Amino acid sequence: MASSKAGPSAADVMGALATIKDPDLGRDVVSLGMIKDLKVDGGRVSFTFELTTPACPVRDRFEGQARDAVTGLAGVEAVEIHMTSNVRSSAPAGGLLPGVKNTIAIASGKGGVGKSTVSANLAVALAAEGARVGLLDADIYGATIPSVMGTRDQPPFDPENQKLLPVRAHGVDLISMALLTSSSQEAVVWRGPMVGKMVTQLLSEVLWGELDYLLIDLPPGTGDAPLSLAQSIALTGVAVVCTPQRMAVDIAVKAVAMFRQLNVPILGLIENMSYYECECGRRHHPFSTGGAKTASVALGIPFLGALPLDDSIREGADSGRPAAAVPGSPEAEAFRDLARKLAAQVSIRAFRRLPVIQVR
Ligand SMILES: Nc1ncnc2c1ncn2[C@@H]1O[C@H](COP(=O)(O)OP(=O)(O)OP(=O)(O)O)[C@@H](O)[C@H]1O
Ligand SMILES: [Mg+2]
């Protein structure tokens, strides 16, 4: 007698899940290899849904869609989904940073637009999403990351590997020239005539370990640091920060052109100090509006988001507790949202290199 508990076949389940499309990667989640460890036991179905980043913007939507798709199959009684993530690497094998899956430079054309503030908050936000994150302060002469991140700790030296270890703050592993210059012997080694060489040293002389994302806060402009970075490692890409004024956007456009010349992928444009919200809840745009979005459309690059001009962002940066480290605040949410959009762009880059997985 046929069992009344006959459930779906594994192929039925995969077929149902293949109707779910990743909006960023433009393909179905089965052919992208996101469904793992499928088990079908009569009417009980369980599987792992492996996202491309813990900072996945559509995590909850995917889980709901997967549950609905499988529950809708004949004979299904229970569905167990284990949501997990595995950040794919966009780095070439045998590069300068073996354990680092993705390196993301944060740049701007104009100075003072909030690059370091955005880099630090993005790093904290990505770590809060569950990613392993590093932050390199590549602004050799104007290093501000330690004060924004609230640390003055000296990076310890690991005698076994003969490398420096990063310092941990707000869940992020960071290195900055400012943490080295006051120290004794190493500081001498790090001083030198060439900014570009120092940036490469900060990358290679530090034991970064396993990281999903290494964010690199660049000095303003288009000088030695970005040039040397682009030449020494295959950057996953660069996110360019600007403010809304016409002039600032124009300079950001020039920075984009420079990175394009260096063959560095552009992950998107971030508009900082975009608006401020007064107590009555109205949004004001003291530096104009819409310029960065228009520029990103004209350049054919993603617009990653607009951040408010906000006292708590400045205070957070001044006090060493970045706004993104205050859970539940609207500013933290704004940075989390930006972090997810950036992570999605990184996933797109990594997945362009992967072959389609054939189902059945
Ligand atoms: N969204 C924001 N709201 C309020 N203040 C901000 C915001 N973003 C940055 N700031 C403040 O603006 C100032 C400049 O920011 P920051 O140092 O991050 O800019 P930068 O682009 O890294 O500068 P530089 O070009 O010198 O490296 C800091 O005082 C910072 O606290
Ligand atoms: Mg800076």
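Student: Let's start with one residue: where does Q162 lie?

Tutor: Keep in mind that this is a predicted model. Q162 sits in the loop between strand 6 (157–158) and strand 7 (163–164).

Student: Is Q162 buried or exposed?

Tutor: Look at the relative accessible area: over 50% counts as exposed. Q162 has 52%, so Q162 is exposed. Check its backbone too: phi of Q162 is near 55 degrees, a positive value in a residue other than glycine.

Student: Which value does phi of D37 have?

Tutor: Phi of D37 is near 50 degrees, again positive in a residue other than glycine. D37 belongs to strand 1 (residues 35–41), and its relative accessibility of 53% makes D37 exposed.

Student: Okay, what about helices? How many helices and strands does the protein have?

Tutor: You'll find 11 helices and 14 strands. Let's take helix 11, residues 330–351. Here's the general idea: an α-helix has 3.6 residues a turn, so residues three or four places apart point the same way.

Student: And how far apart are the end C-alpha atoms of helix 11?

Tutor: They are 31 Å apart. At 1.5 Å a residue, its 22 residues should span 32 Å, so the two values agree.

Student: How many residues of helix 11 are buried?

Tutor: Buried means under 20% relative accessible area. In helix 11 that holds for 16 of the 22 residues, so the helix is largely enclosed by the rest of the structure. Take A343, which is in helix 11: at 1% relative accessibility, A343 counts as buried.

Student: Which residues is A343 in contact with?

Tutor: Set aside its neighbours within four places in sequence, and A343 is in contact with T53, A55, L126 and Y213. By comparison, R246 is 97 residues from A343 along the chain, and their C-alpha atoms are separated by 28 Å.

Student: Now zoom out: what is the radius of gyration of the protein?

Tutor: The protein has 22 Å. With 360 residues, a compact globule would have a value near 21 Å, so the protein agrees with that. Its C-alpha trace spans about 85 × 55 × 40 Å along the principal axes, and 51% of the residues count as buried.

Student: What share of the contacts links residues 24 or more positions apart?

Tutor: Among contacts with a separation of 6 or more, those residues account for 72%.

Student: And how many side chains are positive or negative?

Tutor: There are 34 positive and 36 negative side chains, with the centres of the two sets 5 Å apart.

Note on methods: Residues are numbered from 1 along each chain as its sequence is written. Chains are lettered from A and ligands numbered from 1 in the order in which they are written. This is a predicted model: local features need pLDDT of at least 70, side-chain atom pairs count only at pLDDT 80 or more; totals for chains, interfaces and linings use all residues. Side-chain values use heavy atoms; hydrogens and water are left out. Helices (H or I, at least four residues) and strands (E, at least two) are DSSP runs, numbered from the N terminus. The expected span of a helix is 1.5 Å times one less than its number of residues. Buried means under 20% relative accessible area, exposed over 50%, partly exposed in between (1.4 Å probe, protein chains only). The radius of gyration is taken over C-alpha atoms; the globule rule is 2.2 Å times the number of residues to the power 0.38. Contact means heavy atoms within 4.5 Å. Lys and Arg count as positive and Asp and Glu as negative; His and the chain ends are not counted. The place of a charge is taken as NZ of Lys, CZ of Arg, CG of Asp or CD of Glu.
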